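Welcome! Take a moment to look over the chain, and then let's walk through a few of its features together.

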Amino acid sequence: MNVGEGGSRMSGTKSSERAAALRVQNRGADERHTDEGSPMNDHELLDLLAELSDEFGVPGVAAGVWHAGHTSFACHGVTSIENPLPVDEHTLFQAGSIGKTFTAT
């Protein structure tokens, strides 16, 4: 286990997820951005999705970001290993139990 901010203990997976979240949060400091508050464009979002999906072994993902009145959207990968259709803006994903997190917070 790793110790996170504030001394909390995190499993290896939680630690990796935290590191990925910090990369997303701190992407404004990246050399591609001159303004820390600049919105992420579609190409940058696609690059980030590809990097994170490879790191976490996710076959396919679609994500949208709304920041400062600007919307970015990107898709990466395939729908499943067994049925490898490309993920696009019409792909439907099963949400599973993630709705509990959104409902509770």
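The largest nonpolar core has seven residues: Met-40, Leu-45, Leu-48, Leu-49, Leu-52, Ala-63 and Ala-74. Helix H2 gives this core its largest share, four residues. A nonpolar core here is a set of buried Ala, Val, Leu, Ile, Met, Phe, Trp, Tyr and Cys residues joined through side-chain atoms within 4.5 Å. Keep in mind that this is a predicted model, where local features need pLDDT of at least 70, side-chain atom pairs count only at pLDDT 80 or more, and totals for chains, interfaces and linings use all residues. Residues are numbered from 1 along each chain as its sequence is written, and side-chain values use heavy atoms, with hydrogens and water left out.

**Around the core**

- Ala-74, one of the core residues, is in contact (heavy atoms within 4.5 Å) with Asp-42, Leu-45, Leu-46, Leu-49, Val-61, Ala-62 and Ala-63, leaving aside neighbours within four places in sequence.
- Ser-53 sits in helix H2, residues 42-56; helices (H or I, at least four residues) and strands (E, at least two) are DSSP runs, numbered from the N terminus.
- Ser-53 is buried, because its relative accessible area is 4%; buried means under 20%, exposed over 50% and partly exposed in between, with a 1.4 Å probe and protein chains only.
- Not counting residues up to four places away in sequence, Ser-53 touches Val-58, Val-61 and His-76.

- Strands E3 and E4 pair in the antiparallel sense over eight bridges; two strands pair if DSSP finds at least two bridges between them.
- Val-65 has Ser-72 in E4 as its bridge partner.
- Ala-68 lies in the loop between E3 (60-67) and E4 (70-77), and this hairpin has two residues between the strands.
- Ala-68 has a positive phi of about 55 degrees although it is not a glycine.
- Is Ala-68 buried or exposed? Ala-68 is exposed, because its relative accessible area is 63%.

**A closer look at Ser-72**

- Ser-72 belongs to strand E4 and is buried, because its relative accessible area is 1%.
- Leaving aside neighbours within four places in sequence, Ser-72 has contacts that include Met-40, Asn-41, Asp-42 and Leu-45.
- The side chains of Ser-72 and His-70 make a polar contact at 3.4 Å (a pair of N or O atoms within 3.5 Å; within protein, one must be able to donate a hydrogen and the other to accept it, and residues adjacent in sequence count only if both atoms are side-chain atoms).
- Ser-72 and Leu-46 are 26 residues apart in sequence and 9.4 Å apart in space, C-alpha to C-alpha.
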